[in-house]
Amino acid sequence: IILVIIYIGYQQKKRSNKLLIKKNIEINQQKEEIYTQAENLKIANIKITKQKNKIEESHKQITDSINYASRIQTAILPVKEKFELHFSDFFIFNKPVNIVSGDFYWTTKVNKYQILAVADCTGHGIPGAFVSMLGVSLLNEIVRRKYINTASRILNELRMQIKMLLKQTSQKGSTKDGMDIALCMLNTETNILQFAGAYNPLYVLLNKNNRPERIVDFIKNPKIKIHSLTEKQSNILVEVKADRQPIGIYRREKKFTNNLLKIEKNDILYLFSDGYIDQFGGIRNQKYKSNNFRNLILKISDEKMTKQNQIIKEEYEKWKGDNNQIDDVLIVGVKIK
C-alpha cells in the first residue's frame with residue numbers, strides 16, 4: 001500500500017511538473033509576444049511622433065503663409081487716413097471668419113468724385129481672399145484708367161472683367177465665383193450721390209427735420225424704402241435697394257441701376273456685407289436679420305461713430321453667443337463732410 005501511495009504521489013508530482021513546465025513555456029511565450037508588441041508600439045509611437053511633428057510643421061507653415069497673405073490683403077485695403085481725409089467721421093467693423101477675408105472695403109477719389117464700396121466675395125478664407133484682391137485691383141483699374149464716372153457703369157465693367165478673367169461661361173462646370181457689392185459715388189461739388197448695388201443695399205441715415213422735402217423726393221423713388229423707429233424720432237433710415245444679381249455670371253443678367261440721391265452734411269452712409277445679418281444666435285438661435293440691423297442703426301444714430309462701432313461689435317458678440325461665426329462680417333459707416 002505504501003508503495004502504491006508513493007507511486008501515485010510520484011505520478012501526480014510528475015504531472016504537476018509537466019503542467020508547470022508547460023505554463024512556464026506559455027508564460028515565456030506571452031512575455032515574448034508582449035515584448036514584441038511593446039517594441040512594435042514603440043516603433044509605431046516613434047512614427048506617430050514623427051508624423052505629428054511633420055503635421056505641426058506643415059500647419060505652422062500654412063498658418064505663417066496665411067498670416068503673410070493677411071498682411072498683403074490688409075496692405076491693399078485703403079488706409080484710415082483716406083477716410084479721415086474725405087469723410088468727417090467713420091468706422092470700420094471688419095471681422096473675418098478666418099485669418100484672411102472674402103469681404104473688402106475700398107475707397108478712392110477721382111477728380112470730383114469720392115467713391116466708396118463694400119464687397120462680399122464668394123466664399124471666405126483663402127478662396128474669398130483671392131477674389132477680393134482681384135476685385136480691388138479691377139476697381140482701381142476701372143476708375144483710374146477707363147475714367148468711368150457712373151456707379152452703375154463701374155459695376156457693369158467690373159462684372160465683365162470678372163467673367164473674362166475667371167473664364168466664366170454658361171456651360172456646366174464653369175466657375176461661378178464673383179461678389180456682391182454696394183458702391184457709392186459722391187460728387188463732392190454738388191453732393192449728388194450715385195449708388196449701384198449687386199444684392200447689397202445702401203443705408204443712408206438722415207435727419208428728417210433738416211429739409212423735410214428731401215423725404216418726399218426719396219419716397220418718389222421706387223428703389224427707396226424709408227425706415228424709422230417711431231414717428232417722434234428725428235432720424236430716419238433710407239434704404240436704397242440693390243439689383244438682385246451678382247458681379248459674375250448670372251442667367252438673368254441685366255444692366256445695373258444707377259440711383260441718384262441728394263445728400264447733405266452729416267448724413268451717414270452705411271455699406272455692409274451680409275455676414276452680420278445672417279449670423280445665427282439669440283434665444284431662438286435664428287438669423288439676426290435686416291430688420292434688427294436697421295433698428296440697431298436707428299437706436300444708435302445719435303452716437304458718435306466710434307461709439308456706434310463699439311455698440312455694433314457688442315451687439316454682434318452678444319447675439320452670436322457660443323455659436324460659431326458663419327461668415328465674414330464687414331460694416332463701414334461714413335459721415336458726410
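## Salt bridges

The structure holds eight salt bridges, a salt bridge being a side-chain nitrogen of Lys or Arg within 4 Å of a carboxyl oxygen of Asp or Glu. This is a predicted model, in which local features need pLDDT of at least 70 and side-chain atom pairs count only at pLDDT 80 or more, while totals for chains, interfaces and linings use all residues. Residues are numbered from 1 along each chain as its sequence is written, and side-chain values use heavy atoms, with hydrogens and water left out.

One of the salt bridges joins Arg159 to Glu253, with the closest N and O atoms 3.8 Å apart. Arg159 lies in helix α4 (residues 151-165) and Glu253 in the loop between β8 and β9 (259-262), so this pair ties together parts that are 94 residues apart in sequence; helices (H or I, at least four residues) and strands (E, at least two) are DSSP runs, numbered from the N terminus. Arg159 is buried, with a relative accessible area of 4%, whereas Glu253 is partly exposed at 36%; buried means under 20% relative accessible area, exposed over 50%, and partly exposed in between (1.4 Å probe, protein chains only). Glu253 also forms a salt bridge with Lys163, where the closest N and O atoms are 2.9 Å apart, and this pair again links distant parts of the chain, since Lys163 is in helix α4 and 90 residues separate the two.

Within helix α7, Glu317 and Lys320 lie three residues apart, about one turn of the helix, and their side chains meet in a salt bridge (3.9 Å, N to O). Glu317 is partly exposed, with a relative accessible area of 36%, while Lys320 is buried at 13%. Salt bridges that share partners join Lys95, Glu317 and Lys320 into one network.

An open sheet of six strands runs in the order β1-β13-β10-β6-β8-β7, with antiparallel pairing; two strands pair if DSSP finds at least two bridges between them. Its edge strands, each pairing on one side only, are β1 (89-95) and β7 (224-227), and the twist averages 15 degrees from one strand to the next. Inside this order, β10 (residues 268-272) and β13 (residues 329-335) pair in the antiparallel sense over five bridges, and Tyr270 stands opposite Gly333 in β13.

Helix α7 (residues 305-320) packs on the sheet, touching β1, β10 and β13, and its direction makes about 25 degrees with that of β1. Axes are lines fitted to C-alpha atoms, for helices over the stretch in contact, and angles run from 0 to 180 degrees between N-to-C directions; contact means heavy atoms within 4.5 Å. Helix α6 (residues 290-299) lies across β6 (202-207), β7, β8 (235-240), β10 and β13, running at about 140 degrees to β8. Its buried residues are Phe293, Arg294, Leu296, Ile297 and Leu298, and what covers them includes β6, β7, β8, β10, α7 and β13.

β2 pairs with β3 (residues 113-121) in the antiparallel sense over eight bridges, and the bridge partner of Asp103 is Asp120 in β3. The two strands form a hairpin with two residues between them, and Asn111 in the turn has a positive phi of about 55 degrees.
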